[in-house]
Amino acid sequence: MQQDLKSELTKQLIIDKAFNLFYENGFKTTSIDKIMKATTLSKGAFYHHYKSKKELGLEVISLKVQKRVFEGMIAPLHEQGNALEILEMIFLKRLKSFNIYEKAHGCPMNNLINEIGDNEAAYQMALKNIIESWKAALIILIEKGKSEHTIKANVSSAAVAVYLISAFEGIRGIRKLYNDDAILDEYIIGLSMYLKQLRL
């Protein structure tokens, strides 16, 4: 039992350090050696848990990246209340919650999509699944807004969901280029204007 706990803690340490290094330096430039140096564990500890960096990468996506998106952007969509107000609150609240480090490095998921999303089917599928879960939750909320007559019935729920995700991920990437939040403030104004157009 004690050995199982130690093994699980070791695995979690590798995942945590890998996530941080992928986020700061990129997936492709982060080697197994760099990850294990950050953990202060032996390389043998890595191969005890993983066959390759690819396998670790998939676990980082499923256990770290997916969890971040679920907790920050998907779970709050199921709260009670006015659908439009929930949308605005979640997207704006999430943007305003990022610290300087997160603003400088962008979105971990978006970074991975841009770096490795087009060259490996397994990564594509893992990242796409997160987007599809987010999109599905948004569609449910938008449809709820339509049924409650707070959102126009003739808007495409899927189109709005995709637009909101794309715009949010886009501004996370663009913000990396700037030293202040002026571009974020402009995005927030634009988002508020867009959401008002959906109002019945």
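Q: What makes the residues of the largest nonpolar core a core, and which of them touch the most other members?
A: In this predicted model, a nonpolar core is a set of buried residues of the nonpolar kinds, joined through side-chain atoms within 4.5 Å. The largest such core has 59 residues, and Leu56, Leu87, Phe91, Trp134, Leu138 and Leu164 touch the most other members. Helix α8 (residues 121-147) gives the largest share, nine residues.

Q: Why is this core said to lie between domain 1 and domain 2?
A: Domain 1 (1-50) and domain 2 (54-198) both contribute residues to the core, so the core lies between them.

Q: Which residues does Leu87 touch, leaving out those up to four places away in sequence?
A: Leu87 touches Leu77, Leu138, Leu141, Ile142, Leu164 and Leu195.

Q: Why is α9 called roughly antiparallel to α10?
A: Helix α9 (residues 157-175) and helix α10 (residues 182-198) pack at an angle of about 170°, with axes 10 Å apart. Angles over 145 degrees count as roughly antiparallel, so α9 is roughly antiparallel to α10. Among the contact residues are Tyr163, Leu164 and Phe168 of α9, and Tyr187, Leu191 and Leu195 of α10.

Q: What makes helix α7 largely enclosed by the rest of the structure?
A: Buried means under 20% relative accessible area. Seven of the nine residues of α7 (residues 108-116) are buried, so the helix is largely enclosed. The buried ones are Pro108, Met109, Asn110, Asn111, Leu112, Glu115 and Ile116.

Notes. Residues are numbered from 1 along each chain as its sequence is written. This is a predicted model: local features need pLDDT of at least 70, side-chain atom pairs count only at pLDDT 80 or more; totals for chains, interfaces and linings use all residues. Side-chain values use heavy atoms; hydrogens and water are left out. Buried means under 20% relative accessible area, exposed over 50%, partly exposed in between (1.4 Å probe, protein chains only). Helices (H or I, at least four residues) and strands (E, at least two) are DSSP runs, numbered from the N terminus. Domain bounds come from an automatic or database domain assignment. Contact means heavy atoms within 4.5 Å. Axes are lines fitted to C-alpha atoms, for helices over the stretch in contact, and angles run from 0 to 180 degrees between N-to-C directions. Angles under 35 degrees count as roughly parallel, over 145 as roughly antiparallel, 65 to 115 as roughly perpendicular and the rest as oblique.
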